[in-house]
Amino acid sequence: TQAETIMTESALRYELVRTMIAWCGGKKGGKEHKEIVSLYNSVLPHPRGYAMTMEAPYCAPTVSAAAVKAGIADRTVFECSCAELIAQAKAKGWWIEADSYAPKPADLCLYDWQDSGKGDNLGAPDHVGMVIACGDNGFTVAEGNMSGGAIGFRFMARDGQYIRGFIAPNYAAMCEAEGTGRHGDPPLQDKNERVKYYAHPD
């Protein structure tokens with residue numbers, strides 16, 4: 001039989017990004033939101049014993065649900081609370097405090113809406129999304145629970161106001177871990193598809 005190859009870091013990042021993009025355009029109470037809540041609640045035991053409801057804020061559950069769909073929920077940060085995501089990331093050595101960090105696709109961006117824009121923001125986190133595209137001047141984030149409960153996109157300038165910090169999971173280590181069950185690169189029907197998702201036109 002042909003030897004199986006463990007999924008590459010690039011392919012894993014791509015899979016997470018593609019999931020987030022597929023959910024964008026969804027609304028609170030819609031099929032995308034229902035899928036996110038179902039995926040999040042499928043992981044037992046629930047973090048801190050809390051099961052998600054359709055009424056609860058769902059930005060952190062959205063990025064967590066993407067991890068469930070990629071099969072890595074047990075290897076990455078997984079929570080319904082932004083503060084708890086940061087705590088988990090710090091414990092794993094994945095938290096990046098610098099607002100000026102240049103993120104990669106599938107990194108997580110945390111926000112603080114009370115940020116004054118002066119100096120490095122050290123406030124409490126209010127929101128989170130997943131970076132889906134990066135450029136020289138900024139990056140695009142896909143997020144659940146945006147204004148009105150929508151799932152959509154946000155462009156952020158590098159070192160911009162409201163950035164609380166970043167979570168940079170070690171996806172390479174996840175791919176190398178024995179028993180991940182993730183194999184091969186995803187098929188690309190369009191040779192430009194990877195560029196479409198990974199490069200932001202500055």
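Trainee: How many of the eight residues in strand β3 (residues 127-134) are buried?
Mentor: Seven, so it's mostly covered; buried means under 20% relative accessible area, exposed over 50%, partly exposed in between (1.4 Å probe, protein chains only). Strands here are DSSP runs of E, at least two residues, and helices are runs of H or I, at least four, numbered from the N terminus.

Trainee: Is this a predicted or an experimental model?
Mentor: Predicted: local features need pLDDT of at least 70, side-chain atom pairs count only at pLDDT 80 or more, and totals for chains, interfaces and linings use all residues. Residues are numbered from 1 along each chain as its sequence is written, and side-chain values use heavy atoms, without hydrogens and water.

Trainee: Okay, which way do β2 and β3 run?
Mentor: Antiparallel, with four bridges joining β3 to β2 (residues 108-111); DSSP has to find at least two bridges for strands to pair. C109 has G129 in β3 as its bridge partner.

Trainee: And what do β3 and β4 form?
Mentor: A hairpin, with three residues between them. C134 is bridged to F139 in β4.

Trainee: Switching topic, how many salt bridges are there?
Mentor: Eight in the whole structure, counting a side-chain nitrogen of Lys or Arg within 4 Å of a carboxyl oxygen of Asp or Glu.

Trainee: Which residue does E97 form one with?
Mentor: R164, with the closest N and O atoms 2.3 Å apart. E97 sits in the loop between β1 and β2 and R164 in strand β6, so the pair ties together parts 67 residues apart in sequence.

Trainee: Is R164 buried or exposed?
Mentor: Buried, at 8% relative accessible area, whereas E97 is partly exposed at 24%.
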